[in-house]
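Open the model in your viewer and keep the selection panel at hand. The stops below run from one chain to the other.

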Amino acid sequence: MRDRFRAADFPDLLVGLETSDDAAVYRVSDEVAVIQTLDFFTPIVDDPYTFGAVAAANAMSDVYAMGGEVVLALNICAFPTDLPLEVTQAILRGGADKVAEAGGVLVGGHTIEDKEPKYGLAVMGFVHPRRILTKAGARPGDILVLTKPLGVGLITTALKGQVAEPAHVAAAVESMLRLNRTAARLAQEIGVNACTDITGFALLGHGYEVAEKSDVRLRFHLEALPLLPGARGYAEESLFPGGSCRNRDAYRKHVEFAPYITEEEQMLLFTPETSGGLLLSVPAERREELLSRFTASDEPAWVVGEVLKGNGIEVV
Amino acid sequence: MPRIVQARGLPCPQPVLLTKKAMQEADDILTIVDGPDQAENVARMARQAGWQVEVDGKEEAVYVRITRPQRLPQGQKEEPGPPAGPLVLVVPGETMGRGESTELGQVLIRSFFHTLLETERRPDVIVFYNTGVRLVVEGSPILEDLRALSEQGVQILACGTCLGYFDLKDRVAVGTVSNMYTISETLLGAGRVVSL
């Protein structure tokens with residue numbers, strides 16, 4: 001596709017295929033750039049309303065990862081013909097409520113028949129062309145900040161296996177439902193060098209993209225990484241989804257683990273997240289300001305590492 | 001005959017959960033899964049539990065055979081005699097004993113493992129850690145003896161952290177690369193621990 005659509009032919013395409021960021025960004029004027037993204041997936045929780053809301057929060061997250069605000073959203077639906085109408089309606093209501101919470105407007109969508117239900121959104125957002133947050137700006141000396149705990153993928157996998165503790169599921173759902181909107185707004189106000197959201201490629205996959213595009217090395221401190229309750233336990237039982245192995249195979253060569261980090265801990269950091277938090281690369285001198293601003297807004301934020309010269313990732 | 005856990009066509013975590021369930025009832029299990037990802041999760045879980053693991057990848061499926069480490073029959077627990085639980089041999093260094101001469105220590109350890117093969121009483125598990133892990137990699141002076149012990153059902157665990165520290169992970173020639181969780185479980189769950 002990169003050969004077909006060359007960046008040089010589209011000067012207003014500020015973020016496209018060649019930079020493979022969280023979403024595409026297209027400048028329409030000196031003041032406004034459009035962010036375009038979409039995401040959809042199969043149910044990851046039992047309750048249809050919650051599934052709809054999580055899928056919507058997850059789809060809109062890419063807009064926040066680029067530093068923007070959600071404007072318009074369209075439903076993408078695939079439902080089996082025998083799915084009860086009230087289930088379908090609950091999924092759509094969950095999605096619509098989330099879009100409303102984001103300050104956007106849901107303007108329609110499209111549904112096809114499929115054996116397994118799928119739901120998500122195509123989302124359009126706005127951002128000022130000079131205020132786009134990308135993966136490419138991290139600088140040596142920055143600190144790394146994460147805004148949601150890790151472990152959603154392990155807990156939803158345990159849930160699929162019907163062995164998840166209800167309290168663990170509740171905490172994971174709460175985390176997935178939380179929009180990255182406030183975190184992105186605060187990141188814009190405080191000023192950060194790079195931003196991405198942690199989803200299917202896990203902390204280490206998305207972290208590696210930041211390292212690669214910023215031409216730096218990221219160091220994460222295992223002990224500093226926030227984990228959802230239960231995640232470590234499920235990891236020790238090897239309840240990893242297939243995606244953990246695929247991410248590990250794809251990114252292992254870029255990651256150095258300190259020798260005391262167990263295989264289970266490594267796999268945990270390769271486990272896909274759904275509607276995960278933002279990973280921010282922040283100038284070190286703004287550390288206190290960032291932490292106090294996030295606390296004041298009741299938004300969690302953890303300093304989980306720092307940016308070094310070099311390339312790849314290390315976990316210590 | 002192993003208990004068969006048919007987990008083909010099932011995504012993670014089902015193969016792990018089905019195998020765990022079978023482990024409560026059987027000592028010898030063959031879990032059949034679609035591919036290496038599922039096999040890896042099953043194998044890791046079983047190793048964590050201290051079981052012996054063999055993975056055989058075929059074109060049509062991956063076969064994970066797991067066996068419970070040998071324990072004494074239950075009736076014997078009550079009787080006086082050797083304590084229940086596996087006999088664990090710990091090898092914390094490249095040499096046997098401490099002394100002025102490393103060379104002597106190396107001669108002794110070679111001799112010990114050679115003798116071990118000839119005696120009747122075998123350890124159930126041998127744990128290698130610290131510089132001891134150098135004995136399970138290519139070029140080890142006791143590699144042949146360890147392979148023979150392994151074939152006879154002695155479980156050989158090598159500390160992964162230690163292998164990583166000496167940058168030997170790619171050169172392991174016998175046994176299983178293990179972690180501190182399994183190693184500590186093995187040591188604490190042992191009937192007897194003998195350290196060289």
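## Chain B as a whole

Select chain B: buried residues make up 38% of its 196 residues. A residue is buried if 20 or more other C-beta atoms lie within 10 Å of its own, exposed if 12 or fewer, and partly exposed in between, with C-beta atoms placed from the backbone. This is a predicted model, in which local features need pLDDT of at least 70 and side-chain atom pairs count only at pLDDT 80 or more, while totals for chains, interfaces and linings use all residues. Residues are numbered from 1 along each chain as its sequence is written, and chains are lettered from A and ligands numbered from 1 in the order in which they are written.

The C-alpha atoms of chain B fill a box of roughly 60 × 45 × 25 Å. A compact globule of 196 residues would have a radius of gyration near 16 Å, and the 18 Å of chain B agrees with that. The radius is taken over C-alpha atoms, and the globule rule is 2.2 Å times the number of residues to the power 0.38.

Switch to cartoon. Chain B has 6 helices and 9 strands. Helices (H or I, at least four residues) and strands (E, at least two) are DSSP runs, numbered from the N terminus. Of the contacts in chain B with a separation of 6 or more, 65% are between residues 24 or more positions apart. Two residues are in contact if their C-beta atoms, placed from the backbone, lie within 7 Å.

Two strands pair if DSSP finds at least two bridges between them.

Zoom in on S6 (residues 125-128) and S7 (residues 155-159) of chain B, which run parallel and are joined by 4 bridges. Here Val125(B) stands opposite Gln155(B) in S7(B).

Axes are lines fitted to C-alpha atoms, for helices over the stretch in contact, and angles run from 0 to 180 degrees between N-to-C directions.

## A helix pair and a loop

Next, select H1 (residues 14-23) and H2 (residues 36-48) of chain B. Their axes are 8 Å apart, and the helices pack at an angle of about 35°. On the H1(B) side, show Pro15(B), Val16(B), Thr19(B) and Lys20(B); they meet Gln38(B), Asn41(B), Val42(B), Met45(B) and Ala46(B) in H2(B).

Where is Leu168(B)? Leu168(B) sits in the loop between helix H5 (160-165) and S8 of chain B. Leu168(B) counts as partly exposed because there are 18 C-beta neighbours inside 10 Å. Leaving aside neighbours within four places in sequence, Leu168(B) is in contact with Val133(B), Val137(B) and Leu163(B).

## Across to chain A

Show both chains. The contact takes 17 residues from chain A and 17 residues from chain B. Helices H3 (152-160) and H8 (242-251) of chain A each supply at least two residues of the side of chain A that touches chain B. The largest share of that side, 3 residues, comes from H3(A).

Stay on H3(A): 8 of its 9 residues are buried. The buried residues of H3(A) pack against H4 (166-177), H7 (231-236), H8 and H9 (263-269) of chain A. After H3(A) comes Gln162(A), whose phi is positive, near 60°.

Last stop: strand S7 (residues 143-146) of chain A. Both faces are covered, with Ile143(A) and Val145(A) buried on one side and Leu144(A) and Leu146(A) buried on the other. S7(A) pairs in the antiparallel sense with S11 (residues 278-282) of chain A over 4 bridges, where Ser281(A) is the bridge partner of Leu144(A). S7(A) also pairs in the antiparallel sense with S12 (residues 302-308) of chain A over 4 bridges, and Leu146(A) stands opposite Trp302(A) there.
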